Amino acid sequence: MTTTRTRITKAVIPAAGLGTRFLPATKATPKEMLPVVDKPAIQYVVEEAVTAGLSDVLMVTGRNKRPLEDHFDRNYELEQVLRDKGDAAKLARVQESSDLATMHYVRQGDPRGLGHAVLCAAPHVGDQPFAVLLGDDLIDPRDPLLTKMIEVQEEHGGSVIALMEVEPESIHLYGAAAARPTADQDVVRVSDLVEKPSAEEAPSNLAIIGRYVLDPGVFEVLRKTRPGRGGEIQLTDALQSLASDTSLGGPVHGVVFRGRRYDTGDRGDYLRAIVRLACEREDLGPDFRDWLRSYVTEEM
């Protein structure tokens, strides 16, 4: 007998964080709206969801996040100015963000952690599996990580998390997974998860990065999950419960990602992400790479 699984169409993007690492830039501007070359970081994330077939996007926001809604809405005045100028190229770029997906918004209220932010999506998601994308991790569109994760979820059910091998001294910055191989290359079965362990406590060097495909059973687990590290409701803790008791919502698998990832979570990596993406642009790359070579040569 073949089991028919619900096709995944919904994505949840938590975007309620305060962005304190980027102060003072984020005092009045959401960190998700900081530009990566010439697009805000959040647009890359929504584009990734849409490319993976997720046309229904819920953004979990907080206070001072109204610019996120404005960015994905129409700006009729600006569009008319560009029409009057005959600037079709800029008009298309302005309209691109408002035509990407069906966007929805809900406020988190109190910032009580990633697990709580995901729980805020329960009324919208209902009893369907769904994806969660964190805005700090930008995945290169040439490496279809989310598409692979959805395929794994459709095959095995349960939940799927994105994993990446990191140096042991860096594992304390991530959630860490204990996992065993499966017959599918770079797909593992997760047996345990620990949020931001020390190098000595970490079950492996497999770190959780910001992509998840979750069984709706995670909501009931999150409702019962007590605050963990940092006094927040941790999604990692809920996933650990799912991994240890599959009756709560199926197994937990991981996809080990070996592609191109741009970390915009801290200032140094944010700058490196901009440089890397600018270098790869057809319209900017050639001149920018030439300038960069000259600059590095002169400085060295």
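1. Let me start with K196, which is partly exposed, with a relative accessible area of 38%. K196 is found in the loop between strand 10 (187-195) and strand 11. Please look at its backbone in this predicted model: K196 has a positive phi of about 45° although it is not a glycine. K196 is also among the residues that lie nearest the centre of the largest pocket.

2. N64 sits in the loop between strand 4 (56-61) and helix 2. Is N64 buried or exposed? N64 counts as exposed, because its relative accessibility is 54% and the cut-off for exposed is over 50%.

3. Next comes a peptide bond to check by eye. L23 and P24 are joined by a cis peptide bond, with omega at about 5°. P24 belongs to the loop between strand 1 (10-14) and strand 2 (35-36). As background to these backbone points, most residues other than glycine have a negative phi, and most peptide bonds are trans.

4. Now to the largest pocket, whose volume is about 1500 Å³. Its lining is made of 48 residues, and those nearest the centre are R21, K31, L134, D136 and K196. By class, the lining divides into 19 nonpolar, 14 polar and 15 charged residues.

5. Which element supplies the largest share of that lining? It is strand 11, with four residues. Among the elements that each supply at least two residues to the lining of the largest pocket are helix 5 (114-119), strand 11 (206-214) and helix 9 (235-244). Strand 13 (261-263) and helix 10 (267-280) are also on that list.

6. The second largest pocket has a volume of about 820 Å³. Of the 36 residues lining the second largest pocket, K39, Q43, Y44, E47 and E96 are the closest to its centre. The lining has 14 nonpolar, six polar and 16 charged residues.

7. Where does the lining of the second largest pocket come from? Helix 1 gives the largest share, six residues. Elements that each supply at least two residues include strand 3 (39-40), helix 1 (41-51), helix 2 (66-71) and helix 4 (88-98). Strand 7 (137-139), helix 7 (145-156) and helix 10 are included as well.

8. E48 counts as buried because its relative accessibility is 12%, and buried means under 20%. What does the side chain of E48 pair with? A polar contact of 2.7 Å links the side chain of E48 to that of R211. Leaving out residues up to four places away in sequence, E48 touches L133, I139, L146 and R211.

9. Finally, have a look at V213 in strand 11. V213 is buried, with a relative accessible area of 0%. Beyond its neighbours within four places in sequence, V213 is in contact with I8, F130, A131, L146, M149, I150, Q153, G158, S159 and V160. L146 therefore turns up in the contacts of V213 as well as in those of E48, if contact is taken as heavy atoms within 4.5 Å. The C-alpha atoms of V213 and I161 are 6.4 Å apart in space, while the two residues are 52 residues apart in sequence.

Notes
Residues are numbered from 1 along each chain as its sequence is written. This is a predicted model: local features need pLDDT of at least 70, side-chain atom pairs count only at pLDDT 80 or more; totals for chains, interfaces and linings use all residues. Side-chain values use heavy atoms; hydrogens and water are left out. On a 1 Å grid over the protein atoms alone, a cavity is a set of points where a 1.4 Å probe fits but cannot get out, and a pocket is an open set with protein on both sides within 12 Å along at least five of seven lines; lining residues have an atom within 4 Å of a point. Grid points are joined across faces, edges and corners, and a volume is the space filled by probe spheres set on the points. Ala, Val, Leu, Ile, Met, Phe, Trp, Tyr, Cys and Pro count as nonpolar, Asp, Glu, Lys and Arg as charged, and the others, Gly among them, as polar. Buried means under 20% relative accessible area, exposed over 50%, partly exposed in between (1.4 Å probe, protein chains only). A polar contact is a pair of N or O atoms within 3.5 Å; within protein, one must be able to donate a hydrogen and the other to accept it, and residues adjacent in sequence count only if both atoms are side-chain atoms.
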